[in-house]
Amino acid sequence: MSTLKVDTIQGKTTAGTVAMPSGMVVQVLSTTKLDDHYQSSSTSYTDVTGVTLTISPKFSTSKVLVTVSGAYGVDTTSRIALFNIVRDSTNIGLPSTVQTYTSSRTLYNNGPDQLHQLHFEFLDSPATTSATTYKLQMRIHSSGILYLGTRNGDDARQGTTLTLMEIKQ
């Protein structure tokens, strides 16, 4: 059984909708890739199948907190794993100064067949109420295979989760 406790209820606006104060979570969407892993030897970004969500923000001023959580591994030593969050066709969460290995999340791996935790977030401002698609992309910086959700030995699988949280401003 659930219990709902409320301190204050906001009145309706003239448009008949319930007014929400700033900072309130409007909606949360989440998907988890559980049953299979993804791997790529590409040095160009590839879309990770099953790690995509579409949200239609309720307010054009809302921010969307994008969270990616999972695990990754590579099959050889001294490799850099690069992960990007993409909103529609725009990479987000990138530093303003582009470097050789610039991405939403760049991680260095110094040993083969290790499993590393992957977690990063970005607070996005899509400035729209239209359907907006967020997805995860990944690449390896040079030769080798980059695994998402497992390691080279494929004996330690973990889910990869993408969560979108609309926050009213």
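Contact here means heavy atoms within 4.5 Å. The views below come from a predicted model, in which local features need pLDDT of at least 70 and side-chain atom pairs count only at pLDDT 80 or more, while totals for chains, interfaces and linings use all residues. Residues are numbered from 1 along each chain as its sequence is written, and side-chain values use heavy atoms, with hydrogens and water left out.

**View A. Leu-148 and Phe-83 in the largest nonpolar core.** A nonpolar core is a set of buried Ala, Val, Leu, Ile, Met, Phe, Trp, Tyr and Cys residues joined through side-chain atoms within 4.5 Å, where buried means under 20% relative accessible area, exposed over 50%, and partly exposed in between (1.4 Å probe, protein chains only). The largest such core holds 25 residues, and Phe-83 and Leu-148 touch the most other members. At least two core residues each come from strand 3 (46-55), strand 4 (63-74), strand 5 (79-87), strand 8 (116-124), strand 9 (132-140), strand 10 (146-148) and strand 11 (160-167), strands being DSSP runs (E, at least two residues) numbered from the N terminus. Strand 4 gives the largest share, 5 residues. Residues up to four places away in sequence aside, Leu-148 touches His-37, Tyr-38, Val-48, Ala-71, Tyr-72, Phe-83, Leu-118, Leu-136, Met-138 and Thr-160.

**View B. Strand 4 and its pairing with strand 8, strand 10 and strand 11.** Because 10 of its 12 residues are buried, strand 4 is largely enclosed by the rest of the structure. Two strands pair if DSSP finds at least two bridges between them; strand 4 runs antiparallel to strand 8, with 9 bridges, and antiparallel to strand 11, with 7 bridges. Strand 10 also pairs with strand 4 in the antiparallel sense, over 3 bridges.

View C. One joins the side chain of His-37 to the side chain of Gln-39 at 3.1 Å, and another joins the side chain of His-37 to that of Arg-157 at 3.0 Å. Leaving aside neighbours within four places in sequence, His-37 is in contact with residues including Tyr-147, Gly-149 and Asp-154.

**View D. The salt bridge between Arg-87 and Asp-124.** A salt bridge is a side-chain nitrogen of Lys or Arg within 4 Å of a carboxyl oxygen of Asp or Glu, and the whole structure has 6 of them. The side chains of Arg-87 and Asp-124 meet at 2.6 Å, N to O. Arg-87 lies in strand 5 and Asp-124 in strand 8, so the pair ties together parts that are 37 residues apart in sequence. Both Arg-87 and Asp-124 are buried.

**View E. The salt bridge between Asp-113 and Arg-151.** The closest N and O atoms of Asp-113 and Arg-151 are 4.0 Å apart. The pair links Asp-113, in the loop between strand 7 and strand 8, to Arg-151, in the loop between strand 10 and strand 11, 38 residues apart. Arg-151 is partly exposed at 22% relative accessibility, and salt bridges that share partners join Asp-113, Arg-151 and Asp-155 into one network. Asp-113 has a positive phi of about 60° although it is not a glycine.

Note on methods:
Helices (H or I, at least four residues) and strands (E, at least two) are DSSP runs, numbered from the N terminus. A polar contact is a pair of N or O atoms within 3.5 Å; within protein, one must be able to donate a hydrogen and the other to accept it, and residues adjacent in sequence count only if both atoms are side-chain atoms.
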